[in-house]
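Biologist: I'm new to this structure and would like to learn how to read it. Could you take me through it feature by feature?

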Amino acid sequence: MTRLDLRGVAIFKGWLDPGRQADVVAAVRGVVAAAPLFSPDTPYGRPMTVRMTSAGAFGWISDRTGYRYALQHPSGVRWPPIPDAILRIWDEVTGLARRPECCLINWYGEGARMGLHQDRDEADFTWPVVSVSLGDDGLFRIGSTTRGGRTESIWLTSGDVVAMGGDARLIYHGVDRIRFGSSRLLPRGGRINLTLRVVT
DNA sequence: TAGTTGCG
DNA sequence: TTGC
């Protein structure tokens, strides 16, 4: 495991060994079985290219009216609980007693990407955001806490964990592209990103 | 291809 | 503009 720092964002390369990656993917599949992936609309422009669902007391959703946390999946069911294998990652990386209330699951298929954005729908920005990469490589881009200006990129690979806290909590970030088929963790290819957040 | 700008 |  190697810890890198990019503009205050902590990047833990190789945090999860292959066995734990497989365990987390199995847990994600359980969540998806109960709360199926959907393709969210955005308030402006086009639908998102990732498919998503959530686990936890709150799920993050987007539609034509905006971005928000919701108590239910679009189908009306409550989100499944966050699996222990995922909570354990939060515990290890943050060392905090408080646990996340949302695990957003973003599923990147071929050509999927995520524009530069801030995570700012939460009530308290003193809690960090932790994200976990599984499957295909993704080119992660980091800007600053304001829009515009220079950015820096780093390839995230399966098992990497990223923590955005402190001054970097509201930093702009996104995923420009993935290397579809670069990992064999997911038999049909693709990238899964888990984002863990305290919401309230 | 990488990176920044600005549209509606 | 979590898109283009």
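Biologist: Which strand gives the largest share of the surface near DNA strand C?

Modeller: A residue is near a strand if one of its heavy atoms lies within 4 Å of it. Here the largest share, four residues, comes from strand β7 (residues 114-117); strands (E, at least two residues) are DSSP runs, numbered from the N terminus. This is a predicted model: local features need pLDDT of at least 70, side-chain atom pairs count only at pLDDT 80 or more, and totals for chains, interfaces and linings use all residues. Residues are numbered from 1 along each chain as its sequence is written, chains are lettered from A and ligands numbered from 1 in the order in which they are written, and side-chain values use heavy atoms, with hydrogens and water left out.

Biologist: Which residues come nearest to DNA strand C?

Modeller: Of the 15 residues around it, Met48, Tyr67, Arg113, Gly115 and Gln118 do. Sugar or phosphate accounts for 60% of the DNA strand C atoms within 4 Å of the protein, and bases for the rest.

Biologist: Is tyrosine 108 buried or exposed?

Modeller: Buried means under 20% relative accessible area, exposed over 50%, partly exposed in between (1.4 Å probe, protein chains only). Tyrosine 108 has 3%, so it is buried. You'll find it in strand β6. Contact means heavy atoms within 4.5 Å; leaving out residues up to four places away in sequence, tyrosine 108 touches several residues, including Val50, Arg113 and Met114.

Biologist: Which residues of the largest nonpolar core touch the most other members?

Modeller: In soluble globular proteins, nonpolar side chains tend to be buried together. A nonpolar core is a set of buried Ala, Val, Leu, Ile, Met, Phe, Trp, Tyr and Cys residues joined through side-chain atoms within 4.5 Å. This one has 31 residues, and Val9, Ile11, Val50, Met52, Tyr108, Phe140 and Val162 touch the most other members. Strand β6 gives the most to this core, with three residues. Another core, of 30 residues, lies apart from it, with Val24, Leu37, Ile86 and Val132 among them.
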